[in-house]
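Please examine the structure below together with its sequence.

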Amino acid sequence: MGAVGQRRGLFLCIALVCLEQVAAQIKYSIAEEVKVGTVVGNVAKDLGLDISTLVERRFRIVSGTEGAQFEVNVNNGILFVSKTINREDLCEGVSPCLVNLKLVAENPMEIHHVIIEILDINDNSPTFQEEEKILEISESTLPGKRFQLPSAYDPDVAINTVRAYKLNLNEYFNIQIRERGDDKIPFLVLQKSLDREKDSEHRLFLTAVDSGNPPRSGNLNVTVVVLDSNDNHPIFKQEVHSVTLSENVKMGTSVIKVEATDLDEGLNGEVEYNFGAELESKIYQTFSLDKNTGEISVKGQIDFEKVDVYKLDVHATDKGQPPMSTDCRVIIKIVDENDNQPEIDVTSLSKMVAEDSKPGTVISLISIADKDVGLNGKVTCSLSKNVPFELKPSFQDNMYSLVLKDRLDRELVADYDITITATDCGQPPLSTFKILHVDVSDVNDNVPTFLHSPVQLYLLENNVPGKSIFSVTAFDKDLNENAALTYHINRGEGSQVKMSTFLNINPENGEISALKSFDFETLKSFQFQVVATDGGSPPLRSNVTVKVFILDQNDNAPVILYPVSSNGSAQGVEEIPRNIKAGDLVTKVRAYDADIGYNGWLLFSLQRVSDHSLFSLDRYTGQIRTLRSLTETDEAEHRLLILVKDNGNVSLSATATVTVKLVEPKEAFAASDVKSVATVDEEDNVTFYLMITLGSVSLLFVISIIVLIAMQCSKSSEYTSKYLQETNYDGTLCHSIQYRSGDKRYMLVGPRMSIGSTIVPGSHANTLVLPDRRHTSGEVRKTISFLIP
């Protein structure tokens, strides 16, 4: 079977030499130079993963060798070769050659490590650095003398590297192999004394053979030039020198001084030192050798991470003719210094984290590497303080998972800059850091909030229907659709909620408009609820109570209670005795205004009067009094025109006409008795009006009546006069007016009546019949009537 066939038979089977799973770690073996597409193994099956979920879980390789020699098929879980593998490129001089792959599967997050050993095949032949080697050997050289030949270089490892050297058949020389460490050094051994006069030159062929199957070989032409006698060669004190050297030492630093002695005298005993020509070129760039003293010094940069040991061959040659030489091996071991900062590799699963994520959620995978070794390469990792994240170490060194530690709140912190710091254990320690930016995505976890709750709205009556009266505004701490608010009025059940049917709200900006005009005299206040709803899923909502207070406007003119209006005009007749004194009360003009405050504060003024010297009018109470005593020459009838107006910005007014007749004293009292009888006849009609008005009076008005009745019942004074004196009121509040007629006592009750108004018996007014305290029978008659404006 040919070499190609053997290779296929050995490697294309892709035998699973080593399959072990320890903490989710699998190891495969595969030969180099196999065809692209060659199956390494079914990694999903070996890891125990469900193959049908590989695509959904984004099963993939996230780290490995540069050049991506391997890929995984997410449809069947097979790991295969995606690029031709050259073991010598991946692992020059390193055995075994291991490739570490990190595979990740999401939802849930799983990390698996796969180690692939790259097996060497015998694809390289041994080579010599030069095509020909010329040796000058004195004819006086005794048999048994050894001469070092260049070593062959084979990049293969194990059995595929150089195992033997062969020399073509001749009578003077043979080959001898000496092992120096891991290297095999060929020496040319003189078997028989040379005779320059017989043969001045010998041509030999040195063959280096490896142990591959089939074996490979390389040749070197060796020419031996026979020289005249210089029978002592230099001798080193020791054949192998070993020394340690710290990396990053300064150029010119002395490494070691080798010394060889020659027993000859003169030029034959003078020794010069040179590096062996078979050394690699980088050694000549790194070290220098003083040919006279044998001192080796640093010439270039020493970097442990590139080369950790140097092997130098030093030749000592005398100046005899022919010159004689010897050699020694100098092994320089490089000591690592902490000169490499740790490297941080972050594999972010997502740069956006929902604020409702649970603690323990994996955010990123952190991989730390340090090119140094020992303590210099041991790294500890930490996070910046005051962040709701933590690092959890993996079973593999210098591997971490960045996980959520605490609950997030986007409204408090919208994003985080997480500083990841890696510090090695060297002296002094070296550190590096990397900033990972994580944004917190919004969820609908905040209800809309109103600036004020409850909201108070003061609205003038007689508003224009359909016009905006107010707007409510809420805000939401969330973002985007979670903060997009819509408004609506809660139209439930109940008397207050029914008022919401007369309101409309703009769902986008919360602007409220009234569909009707409100009347203060009918409705003083009401309330309704506005609901704000965000656009989240599910939506969140909150409500606010809006309390509306209707403000009064001067839209009601004064109403004359006395004199009683008839045919659209208020006219009354009062009879007074001629013996009335100055300052006596003639009558009162009584009026009220449905408005309140200044709009309902009434003032009385005398517009026309037949005799200005006889009567006066109190501007606040409406009382008409005499200014002087009457005389026989005064006219028997006087006509007074009274103007009643309110105090609004635009005053409204009403007028009343009072005719005062002067009569003899007996006629005045008789007229009073007739009016008293008329009042009794009309009590039945008053009862009927009472039943109608009770349903339209507010609760506050009823309470005021009860309080006023209680206050009046508590008085013990007797009333004997027809014209009763009263306390002065301002005419704007609900109050009562009392008077007597015969054996009955009356109380006039009306809303916001003018101060000092009086009503005589027989007038159509609001009256309350009170018990006469002079009666002992205890019988009480009560009649209540309310004036309907």
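Asp120 and Arg87 join their side chains in a salt bridge (3.1 Å, N to O), a term for a side-chain nitrogen of Lys or Arg within 4 Å of a carboxyl oxygen of Asp or Glu. Asp120 lies in the loop between strand 7 and strand 8 (132–138) and Arg87 in helix 3 (residues 87–90), so the pair ties together parts that are 33 residues apart in sequence. Helices (H or I, at least four residues) and strands (E, at least two) are DSSP runs, numbered from the N terminus.

This is a predicted model, in which local features need pLDDT of at least 70 and side-chain atom pairs count only at pLDDT 80 or more, while totals for chains, interfaces and linings use all residues. Residues are numbered from 1 along each chain as its sequence is written, and side-chain values use heavy atoms, with hydrogens and water left out.

**Further salt bridges**
- By this rule the count of salt bridges comes to 17.
- Glu110 and Arg57 form a salt bridge through their side chains (3.2 Å, N to O).
- This pair links distant parts of the chain, 53 residues apart: Glu110 is in strand 7, and Arg57 is in the loop between helix 2 (43–47) and strand 3.
- Arg58, Arg60 and Glu106 are linked in a network of salt bridges.

- An open sheet with mixed pairing is formed by 4 strands in the order 1-7-6-3; two strands pair if DSSP finds at least two bridges between them.
- Strand 1 (25–31) and strand 3 (60–63) each have a single partner strand, so one side of each is left without a neighbour in the sheet.
- Strand 1 runs parallel to strand 7 (residues 110–119), and 7 bridges join them.
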